Amino acid sequence: MTSSSSSVDSSSSSVPRLVIAAPSSGSGKTTVATGLMAAFASRGLAVSPHKVGPDYIDPGYHALATGRVGRNLDAYLCGPELVAPLFAHGARGCGLAVVEGVMGMYDGAAGEGELASTAHVAKLLRAPVVLVVDASSQSRSVAALVHGFASWDPEVRVGGVILNKVASDRHEALLREALDSAGVPVFGVLRRVPQVDTPSRHLGLVPVAERRTAAVEAVAAMGAQVAAGCDLEGLLALARSAGALSGEVWEPPVTGTGTRDVVAVAGGPAFTFSYAEHTELLSAAGAEVVVFDPLRDEQLPDGTRGLVIGGGFPEVYAAELSANEPLRKAVSVLAQSGAPVAAECAGLLYLCRELDGMPMCGVLDASGGMSGRLTLGYRDAVALSDSVLAVAGTRMRGHEFHRTVVEPGSGAAPAWGVRAPERRVEGFVQQGVHASYLHTHWAAEPGVARRFVERCRTS
């Protein structure tokens with residue numbers, strides 16, 4: 001893998017920061033992290049939002065809370081060496097960074113030890129951890145739980161606890177008494193508040209783009225609950241105790257000059273999954289990035305020379321996507337011209353002949369549909385065919401997360417050879433199209449964006 005970075009930026013290397021972790025999923029990390037972001041932002045603080053792991057949905061709520069783009073920190077997809085530089089890039093100029101963890105604090109990539117776990121990222125960022133504990137079914141036992149997490153890895157600094165789902169004042173008193181004996185500060189106590197709940201479906205929370213008004217209200221409620229129940233001054237003091245980061249700040253390598261070709265990027269409610277660094281890399285490579293909504297726009301942006309269709313929920317919007325026949329035809333014409341088209345997961349489904357029986361773009365001679373099986377996990381992959389993204393033999397790491405299936409699963413020229421969990425070929429490369437279920441993070445291999453934009457100029 002290659003990366004791009006600039007010289008050390010002291011303003012971003014010393015940004016106060018907190019990592020919000022939990023013993024397990026469902027403890028309330030998203031509520032607490034998003035609420036802290038909103039509470040501090042409402043005080044006028046510039047808050048940088050981050051999410052450990054490949055999740056695309058939580059960063060949308062983080063962006064609502066802070067007014068800044070949510071960014072992912074994934075030590076598997078990008079490599080541990082890029083975590084701090086990417087963090088510093090996103091946090092530049094901010095007075096506080098809040099990093100929401102993933103799963104349980106010590107849960108990482110399967111079979112890879114601590115790699116990509118919340119604890120791993122906290123160590124890479126030299127950041128104190130605040131442990132969010134679901135206290136709904138315990139009292140004195142909370143001390144043993146917290147002690148175990150705080151002492152498991154001496155390189156992870158658990159600076160305090162926020163107790164979630166506390167039933168009553170009496171319950172709170174019992175919890176605080178137990179934690180006093182454990183010597184771990186309590187920075188907040190939260191009761192269950194129904195309006196803070198956010199709806200979920202087959203792949204997690206419903207994205208912000210699909211419920212904007214309700215999401216704004218939910219984030220405001222999270223901020224109010226956290227502000228009322230947590231010691232914000234104490235948490236800010238803890239954040240300021242984070243160790244300074246050494247090394248360089250990541251920057252997208254500037255390679256493009258002269259005329260800027262239009263690269264259309266799918267957005268809107270059906271295509272919400274993307275990493276912020278992708279558009280930054282495309283722009284630095286010389287593209288003019290224009291976002292469009294396949295649910296509403298009947299034509300591609302004027303002058304489109306390349307197309308990027310990321311992940312999302314086309315299965316939820318299959319009828320609306322199918323009904324937009326003018327755009328489907330425009331995408332097909334662009335692909336047939338040999339222009340570069342990069343499609344991940346949802347984009348793959350959109351390029352198929354049909355999705356759940358409804359006509360799609362017909363670029364690929366394949367059909368997609370919902371499946372009862374969840375496909376989830378990190379993947380090691382190697383490019384099997386020369387494409388607009390990579391030359392054959394390029395190795396990248398990716399992530400799959402879907403409940404759909406495409407038949408056939410690969411074309412005459414497959415996109416990737418995947419090692420885990422079983423060896424298989426996957427995806428399609430044809431003319432200028434690269435379509436696959438695999439989500440990749442282009443910051444790990446900046447040559448991907450450069451190659452794509454160069455193809456825009458020559459196609």
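Two residues are taken to be in contact when heavy atoms of one lie within 4.5 Å of heavy atoms of the other. With that in hand, the model, which is a predicted one, can be explored starting from a single residue. Alanine 21 touches Lys29, Met105, Thr118, Val129, Val130, Leu131 and Val132, leaving out residues up to four places away in sequence. Its place in the chain is strand β2, which covers residues 17-21. Is alanine 21 buried or exposed? Buried means under 20% relative accessible area, and alanine 21 has a relative accessibility of 0%, so it counts as buried. As for distances, the C-alpha atom of alanine 21 is separated by 20 Å from that of glutamate 172, a residue 151 places apart from it along the chain.

Next comes isoleucine 20. Setting aside neighbours within four places in sequence, isoleucine 20 is in contact with Lys29, Val32, Ala33, Leu36, Val98, Val99, Glu100, Gly101, Val130 and Val132. Isoleucine 20 also turns up in the largest nonpolar core, which has 109 residues. Ile20, Met105, Leu125, Leu163, Leu235, Leu282 and Phe452 are the ones with the most contacts inside this core. Which helix gives the most to this core? That is helix α2 (residues 29-42), with 7 residues. Another core, of 38 residues, lies apart from the largest one, and Ala264, Ala266, Ala339 and Val433 are among its members.

Then there are the helix pairs. Two packed helices are described by the angle between their axes and the distance between the axes. For helix α4 (residues 80-91) and helix α5 (residues 118-125), the axes come within 9 Å and cross at roughly 60°. The crossing of α4 and α5 is right-handed. On the α4 side, the contact is made by Pro80, Val83, Ala84 and Phe87, while α5 brings in His120, Val121, Leu124 and Leu125. Sorted by class, this contact has 7 nonpolar residues, 1 polar residue and no charged ones.

Helix α6 (residues 141-152) and helix α7 (residues 169-182) make up another pair, packing at an angle of about 40° with their axes 8 Å apart. That angle makes α6 oblique to α7. The crossing of α6 and α7 is right-handed. Which residues of α6 and α7 meet? Val142, Ala143 and Val146 come from α6, and they meet Leu175, Ala178, Leu179 and Ala182 of α7. By class, the contact of α6 with α7 has 7 nonpolar residues, with no polar and no charged ones.

Note on methods. Residues are numbered from 1 along each chain as its sequence is written. This is a predicted model: local features need pLDDT of at least 70, side-chain atom pairs count only at pLDDT 80 or more; totals for chains, interfaces and linings use all residues. Side-chain values use heavy atoms; hydrogens and water are left out. Axes are lines fitted to C-alpha atoms, for helices over the stretch in contact, and angles run from 0 to 180 degrees between N-to-C directions. Helices (H or I, at least four residues) and strands (E, at least two) are DSSP runs, numbered from the N terminus. Angles under 35 degrees count as roughly parallel, over 145 as roughly antiparallel, 65 to 115 as roughly perpendicular and the rest as oblique. A crossing is left-handed if the near helix is turned anticlockwise from the far one by less than a right angle, and right-handed if clockwise. Ala, Val, Leu, Ile, Met, Phe, Trp, Tyr, Cys and Pro count as nonpolar, Asp, Glu, Lys and Arg as charged, and the others, Gly among them, as polar. Buried means under 20% relative accessible area, exposed over 50%, partly exposed in between (1.4 Å probe, protein chains only). A nonpolar core is a set of buried Ala, Val, Leu, Ile, Met, Phe, Trp, Tyr and Cys residues joined through side-chain atoms within 4.5 Å.
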